[in-house]
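Subject: Structure handover

Hello,

Here is the structure for your files. My notes on it follow below.

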Amino acid sequence: MINVPATQNTEVIKAYEPDSKTMLGFWVYIMTDCVLFASLFAVYAVLHKNTFGGPSGRDLFSPSYVLVETLILLTSSFTCGLAMLAAARGARKSVLTWFGATFLLGFSFLVMEVTEFSKLVRDGDSWHRSGFLSSYFTLVGTHGLHITIGLLWIAVLMTKISRGNMDANMIRKMTLLSLFWHFLDIIWIFIFTIVYMLGVIGV
Amino acid sequence: MIRKNTQDRTRSGATLRSYVTGFALSIYFTLTAYLLAVRHALFNRTLVLVLAGLALVQFVVQLLFFLHLGTETKPRWKLMVFLFMIMVVMVLVFGSLWIMSNLNYRMTPDQINSYMNSQSAL
């Protein structure tokens, strides 16, 4: 718990308004990342029927497994928001707790994804198998790579928070991290729907 | 009381209520999409449209309640960059699908075969 005088607090808040330059810059980065994912979605949409005699999404995907993954990632997005609310109150312990929860949930999501990937590769359905699987691994793998980077970021930030105090600079970093993490959950909505749910109904 | 309220807000205008609402709605839309898809509750064409609709609604919910896009004050630069991104994405995704399906449509199996043969002859 840090006690900042009211006047100083408002100055800090003013300096990091959401429309400050750093926020806008990071927002522009996230939007360009959306364009990257859009191109991968376009590749998947074009190639997803080219199974080359191999298995289709309907044969490979387990909807209940993906539902669990989705709910885990969604919950981690929520706990990340709770960490930001705790940061706004200046409650350092709750910030660490909620970021810790976010990290664990994100990590279990990543473990589930890697397990799914390694099962596919073991069964001979790797990215070599068909155009469908190449585009599937590229799209979902790129999301997984972002999750990995996000987890590293959370770990580094948690170490810094537990050592130093939560000044305005730290809160700004946390805000950027939470933007990134919510963005990953938003990308996952479309992976869940387009890759998995449409794959399960076999469209 | 007022002081506590202002303290519970982050700079982006987030409140506990907004996160809980966003979380609950997202779970609701995810489960609906899951049940519809797994039970194959509708005909293919309708089902695809409904699933796409649910994804878009959840997208908007998370934008508003998690990313707080609606709380921005003028000039709304974030919103403008966002809308530009949506435009680029639309052109990219639907443009690719349009062109590729058109190419597919114009290429008969005979043409594909002769093309493949000419490639393997090289």
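A residue counts as buried under 20% relative accessible area, as exposed over 50%, and as partly exposed in between, using a 1.4 Å probe and protein chains only. By that rule A:Gly199 is buried, at a relative accessible area of 11%.

Two notes on conventions. This is a predicted model, in which local features need pLDDT of at least 70 and side-chain atom pairs count only at pLDDT 80 or more, while totals for chains, interfaces and linings use all residues; side-chain values use heavy atoms, with hydrogens and water left out. Residues are numbered from 1 along each chain as its sequence is written, and chains are lettered from A and ligands numbered from 1 in the order in which they are written.

More on A:Gly199. This residue sits in helix α7 of chain A. Contact means heavy atoms within 4.5 Å. Setting aside neighbours within four places in sequence, A:Gly199 contacts A:Gly57, A:Arg58 and A:Ile194. Its C-alpha atom is 7.7 Å from that of A:Ser56, although 143 residues separate the two along the chain.

Chain A as a whole. It has seven helices and zero strands. These are DSSP runs, numbered from the N terminus: helices are H or I with at least four residues, strands are E with at least two. Of its 203 residues, 52% count as buried. Take the contacts in chain A between residues at least 6 apart in sequence: 82% of them join residues at least 24 apart. The chain exposes about 8700 Å², with 65% of that from carbon and sulfur atoms. Those areas come from the Shrake-Rupley method with a 1.4 Å probe.

Now the interface. In chain A, 44 residues are in contact with 48 residues of chain B. The two chains bury about 4300 Å² between them, 82% of it on carbon and sulfur atoms. Buried area here is the accessible area (1.4 Å probe) that two parts lose on being put together, summed over both. On the chain A side, A:Trp27, A:Phe78 and A:Ile201 lose the most area to chain B, together 15% of what that side buries.

Which helices of chain A each supply at least two residues of the side that touches chain B? They are α2 (21-47), α4 (63-89) and α7 (168-201). The largest share, 15 residues, comes from α4(A).

Best wishes
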